[in-house]
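Subject: Structure for you to look at

Hello,

Here is the structure I promised to pass on. Please open it beside this email and follow along.

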Amino acid sequence: VYAGIDVSESKLDVKLGTGEGVVIFENTRRGIKKLVSALSERGTTLTVLEATGGYEWLLRQELQKAKLSHSVINPQRIR
């Protein structure tokens, strides 16, 4: 299962897998912990998120703590 995350100041729009819709999490410590838990439960193999100039830092820290593989990509190159 792959996950793609659109990062903004207040929320994280997450696309899990191919057949599912977008799930929205708050871009707060509590929201990120819920997201990381959901990714772990699904057995996510790679999470891709956009570099936003800082809004992604807490998420990156929590993904690293959970030992979840992730890549931070320049948003101009994601297509």
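Below is what I found, going from the whole chain to single residues. Keep in mind that this is a predicted model.

Overall layout

The protein chain has two helices and five strands. Starting at the N terminus, their order is β-β-β-α-β-α-β. Along the principal axes, the C-alpha atoms fill a box of roughly 30 × 30 × 20 Å.

Of the 79 residues, 32% count as buried. The chain exposes about 5,100 Å². Carbon and sulfur atoms supply 50% of that area. Now take the contacts with a separation of 6 or more: 44% of them join residues 24 or more positions apart.

Charges

The chain carries 12 positive and 9 negative charges. Their mean positions lie 4 Å apart.

The core

The largest nonpolar core holds 16 residues. Those with the most contacts inside it are I5, L12, V14, L35, L39, L59 and L63. Four elements each supply at least two core residues: β1 (2–7), β2 (11–16), α1 (29–42) and α2 (57–65). Helix α1 gives the largest share, with five residues.

Neighbours within four places in sequence aside, L59 touches I5, L12, I32, L35 and L49.

Two residues to check

First, E62. This residue is in helix α2. Is E62 buried or exposed? Its relative accessibility is 7%, and the cut-off for buried is under 20%, so E62 counts as buried. What is E62 in contact with, leaving aside neighbours within four places in sequence? The partners are R29, I32, K33 and V36. I32 is also on the contact list of L59.

Second, K67. You will find K67 in the loop between α2 and β5 (70–73). Its phi is near 60°. That is a positive value in a residue other than glycine. The relative accessible area of K67 is 76%, and exposed means over 50%, so K67 counts as exposed.

Best wishes

Key:
Residues are numbered from 1 along each chain as its sequence is written. This is a predicted model: local features need pLDDT of at least 70, side-chain atom pairs count only at pLDDT 80 or more; totals for chains, interfaces and linings use all residues. Side-chain values use heavy atoms; hydrogens and water are left out. A nonpolar core is a set of buried Ala, Val, Leu, Ile, Met, Phe, Trp, Tyr and Cys residues joined through side-chain atoms within 4.5 Å. Buried means under 20% relative accessible area, exposed over 50%, partly exposed in between (1.4 Å probe, protein chains only). Contact means heavy atoms within 4.5 Å. Accessible areas come from the Shrake-Rupley method with a 1.4 Å probe; for residues, only the protein chains shown count as cover. Lys and Arg count as positive and Asp and Glu as negative; His and the chain ends are not counted. The place of a charge is taken as NZ of Lys, CZ of Arg, CG of Asp or CD of Glu.
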